[in-house]
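Here is my note on the model you sent. Please read it with the coordinates open.

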Amino acid sequence: MAQPYELPDFYVPYPARINPHLDGARAHSKSWAYEFDMIDVPQDGHHVWDEHDFDSHDYALLCAYTHPDADGPALDLVTDWYVWVFYFDDHFLELYKKTRDIPAAKAYLDRLPLFMPAEGSITETPVNPVERGLVDLWNRTIPAMSTGWRQRFRQTTEALLAESLWELSNISAGRLANPIEYVEMRRKVGGAPWSANLVEYVTAEVPTEVAGSRPMQVLSDTFSDAIHMRNDLFSYQREVEVEGEVNNAVLVMEKFFGCPTQQAAELVNDILTSRLHQFENTAVVEVPALLRERGIDPKGHLDVLNYVKGLQDWQSGGHEWHLRSSRYMNRGGKAALGSNGLGTSALRIFSSLAATAPYRTRSHGFVPYQPVGPTNLPDLYMPYQAKLSPHLATARFNILEWGERTGITDGTIWDARMLAAFDLPLCAAGIFPEASPEQLDLASGWLAWGTYADDYYPVVFGTRRDLAGARATTARLSSFMPIDLVMPIPATPLERSLADLWVRTAGPMTVAQREQFRHGVDTMTDSWLWELANQAQNRIPDPVDYIEMRRRTFGSDLTMSLCRIGHGNRIPDEVYRSRPIKAMESAAADYACLLNDLFSYHKEIQYDGDFHNGVLVAQNFLACDKDRAVAVVNDLMTARMRQFEHVVAVDLPTLITDFGLDNDVQQMLQRYTEELQNWMSGILVWHQDCHRYQASDLPHRQPTRPRLLHSPTGLGTAAFRLHRKTGVA
């Protein structure tokens with residue numbers, strides 16, 4: 001069969017090595033697979049593997065390449081895990097993907113967590129090779145690891161298993177994921193986070209104090225995305241042309257960009273390369289700073305270093321295995337040249353660095369304050385009718401009084417005319433059209449504070465590259481959201497305005513709600529440190545990292561938390577954590593974030609000298625002009641909105657059935673979807689009508705100190721007429 005494309009020139013910056021215990025692992029894993037009926041034993045009349053299949057796949061070779069320093073027993077155990085996971089994948093394919101029997105697939109997947117208890121021993125009886133193999137592996141692995149690792153490994157294994165339903169539902173519906181959705185879901189269903197956990201088993205556990213941090217999560221995510229993109233490039237022919245699979249990155253890019261298959265393959269390879277660049281930057285820049293900040297001892301430093309090295313070994317070893325396994329398309333193209341020996345692996349390092357140098361150079365070559373001119377906005381897909389609170393006029397007056405009282409309009413960052421021009425109450429009135437006057441004032445205050453703080457950080461810390469000062473300020477801000485409501489004395493307008501909002505917001509909340517809401521604010525302020533760190537390096541973010549961090553810098557968690565407060569405890573936490581709810585929230589957040597990037601491109605690139613903008617990130621990644629990048633961003637927005645609609649129409653009814661939710665909870669979920677619809681449509685109206693992003697507003701961004709009027713009529717009408725006539729912002 002002819003290959004659909006030539007394999008691209010992969011970025012492989014680390015030499016592959018092979019474990020000397022390979023032969024022993026081959027013999028052991030084959031014996032183990034026979035013992036658990038994985039070879040030559042049909043399942044419910046379906047052929048899964050015969051001996052030739054097993055031998056030609058050579059999972060022991062995979063593990064010998066990816067874990068070159070493991071001792072014999074560790075390599076045996078890890079190889080058994082990979083035999084199990086690939087058998088599961090093919091078992092699920094034959095029994096459920098090909099038959100498209102979703103109810104039976106769900107029942108099958110629901111049983112597997114029973115054989116991975118977070119505590120205690122396994123009590124359920126296994127009934128098929130997948131379950132029996134899992135019991136054996138769990139009991140052999142867990143005693144050697146900590147409780148924290150067990151919980152992480154259980155979560156990644158469950159995600160690997162459970163999210164297979166997402167793949168199956170896409171196949172059944174013939175539905176292609178959008179690129180953002182695909183990368184996120186492939187990370188879960190593809191199993192590479194699970195592989196990262198096994199790297200810990202072989203090398204060293206990551207210290208508990210840093211295991212949940214952003215840098216360690218990014219290492220795992222970038223490692224995972226690179227593995228999955230590589231696997232999709234090698235498996236396209238088998239999955240798409242033979243099995244009828246729709247969950248493949250090359251196919252996703254081919255359809256989204258409307259391009260030939262070869263070009264789509266090159267795009268996927270570009271994503272792979274970008275993710276590995278992000279891995280390297282995180283390992284070299286963010287991880288050492290994290291270890292110092294958390295006071296990790298020398299042994300912990302060494303453990304993290306060995307873990308990072310283990311992830312690098314996996315990347316290079318996995319590539320070598322893909323070039324040799326009969327499971328994949330691996331003939332032709334630059335990637336396949338010279339694939340007959342480990343010496344060529346080392347030779348690839350130079351070509352990898354040379355081939356990817358232009359993108360790396362471009363990513364550090366941003367020149368601030370370039371004249372880019374106004375953006376020609378495309379037609380934006382918005383299926384929901386915007387609503388508006390009847391209390392908007394009063395909220396507009398009250399926000400100006402609040403700005404003067406707290407000091408945020410003292411002329412240092414903003415003045416009163418800027419606060420009026422930005423019209424955050426308009427945004428609040430669209431997001432919360434049914435809010436009471438008090439609730440609308442509070443929402444307006446939070447939006448104003450978030451926007452003010454977002455302007456404050458680059459002005460105060462960015463120009464001086466004062467990361468230490470920014471970290472100290474961020475830590476202090478968290479102290480002005482005390483769970484016990486015992487408030488320290490604020491020293492600046494930024495602190496004073498936050499303290500005021502917290503007291504008014506947290507009073508009626510439960511302790512759990514306060515913790516959740518504070519976490520949303522902390523997530524936003526922490527993300528501004530990420531922006532400052534990128535600016536210090538003059539490094540345009542990797543597109544995947546940008547999208548995922550943009551949700552945080554935009555304050556999506558904060559504003560969505562405001563919605564959730566009104567739900568009380570009526571929606572169970574496990575429903576909020578479910579895939580459909582998370583998918584709905586992320587799709588809404590991405591639509592709003594990218595919408596902001598379209599409107600703010602002129603302001604941010606030309607006047608702020610900032611490169612944290614989705615249009616600019618797309619320009620850099622695709623090496624294209626602004627108009628092309630704008631079109632791509634708009635297509636991504638449309639795709640995310642259509643995914644939101646799909647979740648509401650298809651996934652939520654299934655969720656309601658699966659959880660057996662009563663009518664009250666169903667109505668609350670319906671209300672939540674409407675709140676997110678209001679959130680998106682309200683944000684669009686605000687961008688269209690406020691005076692923060694329009695070209696006529698931008699030359700006047702330096703603050704002044706006008707006399708503040710004190711009458712509702714004066715501020716509610718005259719000040720707004722003033723800024724609309726003059727365009728001062």
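Predicted model: local features only at pLDDT ≥ 70, side-chain atom pairs only at ≥ 80, totals over all residues.

1. The largest nonpolar core. It holds 115 residues. Which of them touch the most other members? They are Met38, Trp49, Trp81, Tyr82, Trp84, Phe86 and Met216. Helix α4, residues 72-97, supplies the largest share of this core, with 15 residues.

2. Another nonpolar core lies apart from the largest one.

3. Helix α13. This helix spans residues 249-257. Of its 9 residues, 7 are buried, so the rest of the structure largely encloses it. The buried residues are Ala249, Val250, Leu251, Val252, Met253, Glu254 and Phe256. Note that Glu254 is on that list.

4. What covers α13? The cover over its buried residues includes α9 (179-189), α12 (214-242) and α14 (261-293). It also includes α29 (626-659).

5. The ends of α13. At the start, a side-chain oxygen of Asn248 comes to within 2.9 Å of the backbone nitrogen of Val250. Just after the helix, Gly258 has a positive phi of about 60°.

6. Leu532. Buried or exposed, where does Leu532 fall? It is buried, because its relative accessible area is 6% and the cut-off is under 20%. Leu532 sits in helix α23, residues 511-537. Beyond its neighbours within four places in sequence, Leu532 is in contact with Tyr457, Pro458, Phe461, Gly462, Leu467 and Ala470. Thr463 is 69 residues away along the chain, and its C-alpha atom is separated from that of Leu532 by 9.4 Å.

7. Asp40. Its phi is near 60°, a positive value in a residue other than glycine. Asp40 lies in the loop between α1 (22-35) and α2 (51-57). Its relative accessible area is 45%, so Asp40 is partly exposed.

8. Asn538. Here too phi is positive in a residue other than glycine, near 50°. Asn538 is in the loop between α23 and α24 (543-553). Please check the backbone at this residue by eye.

Technical notes:
Residues numbered from 1 in each chain as written. Heavy atoms only, no water. Core = buried A, V, L, I, M, F, W, Y, C linked by side-chain atoms within 4.5 Å. Buried < 20%, exposed > 50% of the residue type's maximum accessible area, 1.4 Å probe, protein only. Helix = DSSP H or I, 4+ residues; strand = E, 2+ residues; numbered from the N terminus. Contact = heavy atoms within 4.5 Å. Polar contact = N/O pair within 3.5 Å; in protein donor to acceptor, adjacent residues only side chain to side chain.
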